[in-house]
Amino acid sequence: GGGNSSVTFETFFRKVFELQVVPEGESLCKSFSLTAKQGKYLILGSSTKQIPAPQEPSFDKVSLHVVDLETGLMSDQVHFEKDLVLLAHNNGVSMCGDTLAVLSVTKQTIHFFHLNALGKLVKMRSIGEHIYEDDARLLTEYKRLFGEG
C-alpha cells in the first residue's frame with residue numbers, strides 16, 4: 001500500500017444521484033454491469049441467496065435493473081423466478097446493440113429483450129424447449145393426432 005490516506009473517492013468522483021437499486025433480501029452482483037444506448041442506461045443485476053439443491057441449483061429470484069443515468073431513476077426491471085442466471089463477470093448476460101440476451105441455466109432458455117428509447121426491456125422471444133411461439137400448440141396437436149410414439 002503506502003498510498004496517500006487523504007485521497008478519497010470524492011477526490012475523483014462527485015455524487016450525481018443516489019438510488020436504491022435492489023429490494024431487501026436481494027444482493028447486487030458487484031461484478032456485473034452493462035451500459036447501453038451510448039452510456040445513457042446502466043444495467044445491473046441482483047439475486048436472492050442461492051437455493052441449495054444438488055441437482056438443480058437456482059436462486060429464488062434473479063433481477064436485472066435498468067437505471068437511466070441522465071435522470072438517476074430506475075427505468076425498468078426484469079425478474080427471473082426460481083432460476084439460475086450467471087451474472088458474475090457477465091457470464092450469462094450479453095448485450096449487442098439494443099438487444100439483451102439472458103441465459104437461463106435452470107430452464108435452458110435464452111431470453112431476448114429489446115432495450116427501447118425509454119429504457120424499457122421489451123421481451124422479443126425466448127429460445128429453449130420451443131423455438132417458435134406456437135411450437136407447444138403444434139406438438140400437442142401432433143400428439144393428439146398421431147399419439148405419443
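I take buried to mean under 20% relative accessible area, exposed over 50%, and partly exposed in between, with a 1.4 Å probe and protein chains only. On that scale, 34% of the 149 residues of the chain count as buried.

**Ground rules.** The model is predicted, so local features need pLDDT of at least 70 and side-chain atom pairs count only at pLDDT 80 or more, while totals for chains, interfaces and linings use all residues. I number residues from 1 along each chain as its sequence is written, and side-chain values use heavy atoms, with hydrogens and water left out.

**Overall form.** I looked up the secondary structure and found two helices and nine strands. Helices (H or I, at least four residues) and strands (E, at least two) are DSSP runs, numbered from the N terminus. From the N terminus on, the order is α-β-β-β-β-β-β-β-β-β-α.

I then checked the extent of the chain. Its radius of gyration is 20 Å, whereas a compact globule of 149 residues would have one near 15 Å. That radius is taken over C-alpha atoms, and the globule rule is 2.2 Å times the number of residues to the power 0.38. The C-alpha trace spans about 75 × 40 × 25 Å along its principal axes.

The accessible surface comes to about 10,100 Å², and 56% of that belongs to carbon and sulfur atoms. Accessible areas come from the Shrake-Rupley method with a 1.4 Å probe; for residues, only the protein chains shown count as cover.

Contact here means heavy atoms within 4.5 Å. Among contacts between residues at least 6 apart in sequence, 36% join residues at least 24 apart.

**Core.** Which residues of the largest nonpolar core touch the most other members? They are Phe32, Phe80, Leu87, Val93, Leu100 and Val102, out of 22 residues. Strands 1 (27–36), 2 (41–47), 4 (58–68), 5 (73–83), 6 (93–96), 7 (99–104) and 8 (109–115) each supply at least two residues of this core. A nonpolar core is a set of buried Ala, Val, Leu, Ile, Met, Phe, Trp, Tyr and Cys residues joined through side-chain atoms within 4.5 Å.

I listed the contacts of Leu87, leaving aside neighbours within four places in sequence: Cys29, Ser31, Phe32, Gly45, Ser46, Val62, Leu64 and Val93.

Ser63 lies in strand 4. Is Ser63 buried or exposed? Ser63 is buried, because its relative accessible area is 0%. Its side chain makes polar contacts with the side chains of Glu26 at 3.2 Å and of His79 at 2.7 Å. A polar contact is a pair of N or O atoms within 3.5 Å; within protein, one must be able to donate a hydrogen and the other to accept it, and residues adjacent in sequence count only if both atoms are side-chain atoms.

Asp83, in strand 5, counts as buried because its relative accessibility is 1%. The side chains of Asp83 and Ser104 are joined by a polar contact of 2.7 Å.

**Phe17.** I found Phe17 in the loop between helix 1 (9–12) and strand 1. Phe17 is partly exposed, since its relative accessible area is 31%. Beyond four places in sequence, Phe17 is in contact with Val67, Asp68, Leu69 and Gly72.

**Helix 2.** The end C-alpha atoms of helix 2 (residues 135–146) are 16 Å apart, which agrees with the 16 Å that its twelve residues should span at 1.5 Å a residue. The expected span is 1.5 Å times one less than the number of residues. Just after helix 2, Gly147 takes a positive phi of about 85 degrees.
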